[in-house]
Amino acid sequence: MNKRIQIPDTDLAVCPVGLGTVSAGIKWDGTDADRLIGTYLELGGNLIDTARVYSDWIPGETGRSERVVGDWITRSGRRNDIVLMTKGGHPRITEKGGDMHLSRMSDRDMREDLELSLKALRTETIDIYFYHRDDVSQPVEEEVETMERFVREGKIRYYACSNWTADRMKAADEYCAEKGYRGFVADQAMLNAGMRFMKPPADDTLVMLSGDVAEYHRNAPRNLAIAYSSLAGGFFQRWAKGQITEDDPYNTPGNIMAAKALKRVAEKYNTGMTEAVLGYIVTGDYPRAALFGPGSASRVREAMAALEVPFRREDYRELE
């Protein structure tokens with residue numbers, strides 16, 4: 001399997017399996033972070049994803065994930081070995097929750113988050129900086145120009161989006177083409193083998209990588225599709241161990257059938273369920289990367305093993 005995806009018209013060649021850090025500072029920190037991130041890099045990884053909002057829903061610290069990643073960058077001195085991604089503009093989240101519809105997408109909001117991210121990450125520039133949400137009441141031209149200012153200032157190298165609709169991405173692409181800008185290099189959206197049959201998510205601001213969004217990416221290879229929630233919250237691994245519960249959002253008849261299909265894929269290649277689930281993402285009919293959020297170095301090894309297996313798209317026909 002190809003272990004790098006070259007994003008067109010950039011100098012970015014990224015690992016198809018990216019390290020998500022939503023658990024940083026919760027499940028791992030300090031020496032555990034060194035071990036976990038070090039294992040990821042040793043196995044060929046280079047794509048690290050975080051966000052200003054991770055994990056502000058737990059009291060005691062804001063920007064926790066970025067602080068842990070920044071600590072690791074400082075200790076390791078390996079900033080140039082990674083493609084660093086972070087995101088800004090997410091609605092406020094506290095331990096008491098937050099309204100996902102209260103937009104924080106203004107130029108001022110984005111600049112506030114970016115400056116905090118640069119400080120926490122202990123870096124002068126971010127490789128790919130994302131709009132974490134969208135505000136359709138704002139002209140897409142204004143949002144693009146905000147990012148272009150950050151590029152000119154040297155604070156980010158490229159910009160991207162997360163949870164944007166196909167129509168908004170097309171509008172941004174058209175404006176960037178008109179102005180001669182490189183435009184979005186990546187888009188983060190929800191995609192996993194159980195998404196089709198899952199119960200509706202509580203957060204209706206999430207955008208799924210299906211339908212017109214998937215069709216957009218088939219026709220726009222310059223904007224790399226990056227899947228979050230790629231492991232479906234661990235549902236298929238728990239199913240294999242007989243540990244699923246009734247309240248699991250993925251526990252539906254359709255996903256029980258999907259689990260059986262994934263088990264057949266795992267048996268065909270003599271792998272675990274983690275590898276089979278990630279194989280579904282990275283064997284798409286257009287370039288796709290998958291983010292996973294491990295809790296330990298052993299979980300990193302499981303996920304990265306997916307890149308050593310010759311999965312093929314036809315292995316997953318039952319899931320389509």
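Okay, let's start with helix H9, residues 273–282, which is mostly covered: 10 of its 10 residues are buried. Buried here means under 20% relative accessible area, while exposed is over 50% and partly exposed lies in between, using a 1.4 Å probe and protein chains only. Helices are DSSP runs of H or I with at least four residues, strands are E runs of at least two, and both are numbered from the N terminus.

Before I go on, a word on what you're looking at: this is a predicted model, where local features need pLDDT of at least 70, side-chain atom pairs count only at pLDDT 80 or more, and totals for chains, interfaces and linings use all residues. Residues are numbered from 1 along each chain as its sequence is written, and side-chain values use heavy atoms, with hydrogens and water left out.

Back to H9. Its buried residues include Met273, Glu275, Val277, Tyr280 and Val282. What sits over them? The cover includes strand E9 (224–228), helix H7 (235–240), helix H8 (253–269), strand E10 (288–292) and H10.

That brings us to the core. A nonpolar core, by the way, is a set of buried Ala, Val, Leu, Ile, Met, Phe, Trp, Tyr and Cys residues joined through side-chain atoms within 4.5 Å. The largest one has 104 residues, and Tyr40 and Phe236 touch the most other members. If you click on phenylalanine 236 and skip residues up to four places away in sequence, you'll find it touching Ala193, Gly194, Asn255, Ala258, Ala259, Leu262, Met273 and Val277. Contact means heavy atoms within 4.5 Å. There's also a second, separate core of 5 residues, including Ala51, Val53, Ile93 and Met100. As background, nonpolar side chains tend to be buried together in soluble globular proteins.

Now, helix packing. How do H1 and H2 sit against each other? Helix H1 (residues 30–42) and H2 pack at an angle of about 75°, with their axes 10 Å apart, so H1 and H2 are roughly perpendicular to each other. The axes are lines fitted to C-alpha atoms, for helices over the stretch in contact, and angles run from 0 to 180 degrees between N-to-C directions. As for the wording, under 35 degrees is roughly parallel, over 145 roughly antiparallel, 65 to 115 roughly perpendicular, and the rest oblique. From H1, the contact uses Gly30, Ala33, Asp34, Ile37 and Leu41, and from H2 it uses Val68, Trp72 and Arg75. Those residues split into 5 nonpolar, 1 polar and 2 charged. In that count, Ala, Val, Leu, Ile, Met, Phe, Trp, Tyr, Cys and Pro are nonpolar, Asp, Glu, Lys and Arg are charged, and the others, Gly among them, are polar.

H2 has another partner. Helix H2 (residues 64–76) packs with helix H3 (residues 107–121) at about 40°, their axes 7 Å apart, and H2 and H3 are therefore oblique to each other. On the H2 side we have Glu66, Arg67, Val69, Gly70 and Ile73, meeting Leu116, Ser117, Ala120 and Leu121 in H3. This contact comes out as 5 nonpolar, 2 polar and 2 charged.

Let's stay with arginine 67, in helix H2. Arginine 67 is partly exposed, at 23% relative accessible area. Leaving out residues up to four places away in sequence, arginine 67 touches Asp29, Glu61, Ala120 and Arg122.

Buried or exposed? Serine 55 is buried, with a relative accessible area of 0%. Setting aside neighbours within four places in sequence, serine 55 contacts Val22, Ile26, Arg64 and Ser65.

Last topic: salt bridges. We count a salt bridge when a side-chain nitrogen of Lys or Arg is within 4 Å of a carboxyl oxygen of Asp or Glu. How many does the structure hold? There are 34. In helix H6 (residues 211–219), glutamate 215 pairs with arginine 218, the closest N and O atoms being 3.1 Å apart. These two are 3 residues apart, so they are separated by about one helical turn. Over in H10, glutamate 302 and arginine 299 make a salt bridge at 2.9 Å, N to O. Glutamate 302 is partly exposed at 27%, and arginine 299 is partly exposed at 38%. Finally, salt bridges that share partners join Asp29, Glu61, Arg64, Arg67, Asp71 and Arg122 into one network.
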